[in-house]
Amino acid sequence: MQSALQKGGSRSESRLLSAILILALCLTLAPVLRLFIEGVTDQGVPSLSLAKSVLAQGSTLNALKHSLITAGLGTLVSVVLGAAFAFLVALTDLRAKAALVFCLMIPMMIPPQITALSWTQIMGPSSVLLKTLGVAPPLGAPQPLYSPEGIILLLGIQHMSIIFLTLRAGLRAIPQEVVEAARISGARGFRTWWQVVMPLTLPSLAAGTAITFVTALGNFGIPAMLGIPAGYVTLPTLVYQKLAGMGTTVLAEVSVLAMLIGAVAIVGILLQRFFQGRQNVYLVGSTSRPLAIPLGSARLPVEILLWAVVFTILVLPMFGLLATSLVPAYGVPLRFDTMTLASWGEVLFRQPVTARAFVNSFSLALGAAVVLMLICLPLAWLMERHPTRLSRLFDSLLDLPYALPGVVLSIAMILLLIKLPFTDATLYGTIWIIFLAYLARFFAVMFRPVQASLKQLDPAMAEAAQSVGAGLFQRLRDVILPLSAPAAAAGAILVFLTAFNELTVSALLWSSGTETLGVVIFNLDDSGETAMASALAMTIVFVVMALMTLIQLFSRRFPKGVVPWQT
């Protein structure tokens, strides 16, 4: 009887796995496959002539060079900042570590176009903050951020959180006993860090560096807002300009550019996996006592330095953004007689596009988080219980839609959904194409934490429930869901906060009525409405910080692992 139950349960699980796996493949890998087909065919016939022509163009080579320079040097800035914070926060006895970690997560949650907008408000001849302080450069002076150096700096600041989180995770796994053993053997100070700590964390640092490079390569908001005014074009902005200027008639040419970006991104993915696989130093022992190297008399100066950096990269730009939002026009000094809330009132209460964008962004982000949770929980569990060739292939390629730049995924979604198979209907220009792009983009963000959590579960618990007659969905509801809920909640929080402010994907997919918040800010600034763009950007910053603070306040009531920045 029990054997019959197990066989019947296994068949139902296999059928469910096949159904969900096909759905996941259609969501994540079908757009990428469609993009590849478009790039290597000419009117349905295999041909590389178009690809060769596009890749040989001077604008393509120039944009590729610019992308590699800004992404590479921006990653270097991220490594310097993120690694310094990670080593000091994870290894030493600094005070207020939780507050530092919280603050360092904020840049990653703030969309890149807001980062670019906020920094332009504290530099240049029209800076309201500098004019108020009486130290603004003379009119006609160039905006220093409209340059490759400006893009590199802000890419480095925007993505330093990735280096910080990946390296900190590796550092927190080092037991205190390892360092104590090195000290007993005579190692001190810098030698302990170089010969003991660095070898153990080098794979984490290298993997984080590869992820950061891929993310910087696909960043659209910062190169668009700083590079386009300066005539400095990267691959993502070149794709945007071509598609925005000539419509869908250039989809084939744009798909080749997208494939070029994707090829560079895939190299970054392979490097990440290579470095993760190179870790040949294994930790044995308890990590219940994390490292806390005493700084002694240097602790206070180090703390002052770290908080000064946080103030410079986070608080000061927000002050500039706030000052700009409170003046009647960009460039007017902020005084009591010039202070006004007109821009706030106009953009929040009189512009219908703002309310529409808030509803769209909130609905898309929440919907993506919920749908991905419903798909990823059973899929990860069934893939663990019934591994197949197809599931292993899916697992190896799953990270591709997230690692590819957002503009690449956008082009892939347009090619796939501009005309639905066997019909004349299209999803292009509707909110559904953005929603499906979000599902593809953030699938891995939800799936990976759930998968890692389920790998640690004892399969005997689900088997015991099955042996007493629990059906498939009852086991999912009563056994799997409670045990994997913290990881799923952490993934859902990351998906929601990231998708809420997303621009890179929706920049090419929006139409009238489907604007997202990132698109509205970009369009306001592009049309010269800087004060209104600043007001809306500050509103979004307040919303994101309020959500993060609310999650932090209730974190003690959540199971361990729910709050991503506390894991």
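The side chains of Arg95 and Glu303 form a salt bridge, with nitrogen and oxygen 2.7 Å apart. This pair joins distant parts of the chain, as the two residues are separated by 208 residues. Arg95 belongs to the loop between α4 (58–91) and α5 (97–109), whereas Glu303 belongs to helix α14 (residues 299–325). The model is a predicted one, and the values in this report are computed from it.

The two partners differ in their surroundings. Arg95 has a relative accessible area of 42% and is therefore partly exposed. Glu303 has a relative accessibility of 10%, so this residue counts as buried, because the limit for a buried residue is under 20%.

## Other salt bridges

How many salt bridges does a search of the whole structure find? The search finds five. Apart from the pair described above, two are considered here. Asp337 is exposed, with a relative accessible area of 60%, while Arg335 is partly exposed at 44% relative accessibility.

Another salt bridge is formed by the side chains of Glu346 and Arg350, at 3.9 Å from N to O. Both residues lie in helix α15 (residues 342–350), four residues apart, so about one helical turn separates them. An α-helix has 3.6 residues a turn, so residues three or four places apart point the same way. Glu346 is partly exposed, with a relative accessible area of 25%, and Arg350 is exposed, with 59%.

## The buried side of helix α15

Which residues of α15 are buried? They are Ser343, Trp344, Gly345 and Val347. These buried residues pack against four helices, namely α14, α16 (352–385), α23 (517–526) and α24.

Thr539 is a residue of helix α24 (residues 530–553). With a relative accessibility of 11%, Thr539 counts as buried. When neighbours within four places in sequence are left aside, Thr539 is in contact with Trp344, Leu348 and Phe358. Trp344 is one of the buried residues of α15.

## The nonpolar core and a nonpolar surface patch

The largest nonpolar core contains 162 residues. Within this core, the residues that touch the most other members are Leu379, Phe394, Ile411 and Phe443. Beyond residues up to four places away in sequence, Leu379 touches Leu17, Ile20, Leu21, Ala24, Phe394, Phe443 and Phe447.

Ile69, Leu73, Leu76 and Val80 make a nonpolar surface patch of about 340 Å². One of these residues, Leu76, is found in helix α4.

Thr514 is located in the loop between α22 (472–500) and α23. Is this residue buried or exposed? Thr514 counts as buried, at 7% relative accessibility. The side chain of Thr514 has a polar atom 2.8 Å from the backbone nitrogen of Ser511.

Excluding neighbours within four places in sequence, Thr514 is in contact with Asn360, Gly429, Thr430, Ile431 and Ile434. Thr430 and Thr514 are 84 residues apart in sequence, but their C-alpha atoms are 6.7 Å apart in space.

Methods:
Residues are numbered from 1 along each chain as its sequence is written. This is a predicted model: local features need pLDDT of at least 70, side-chain atom pairs count only at pLDDT 80 or more; totals for chains, interfaces and linings use all residues. Side-chain values use heavy atoms; hydrogens and water are left out. A salt bridge is a side-chain nitrogen of Lys or Arg within 4 Å of a carboxyl oxygen of Asp or Glu. Buried means under 20% relative accessible area, exposed over 50%, partly exposed in between (1.4 Å probe, protein chains only). Patches are made of residues with over 30% relative accessible area and no salt bridge: like charges are joined within 9 Å, nonpolar side chains (Val, Leu, Ile, Met, Phe, Trp, Tyr) within 5 Å. Accessible areas come from the Shrake-Rupley method with a 1.4 Å probe; for residues, only the protein chains shown count as cover. Contact means heavy atoms within 4.5 Å. A nonpolar core is a set of buried Ala, Val, Leu, Ile, Met, Phe, Trp, Tyr and Cys residues joined through side-chain atoms within 4.5 Å. A polar contact is a pair of N or O atoms within 3.5 Å; within protein, one must be able to donate a hydrogen and the other to accept it, and residues adjacent in sequence count only if both atoms are side-chain atoms.
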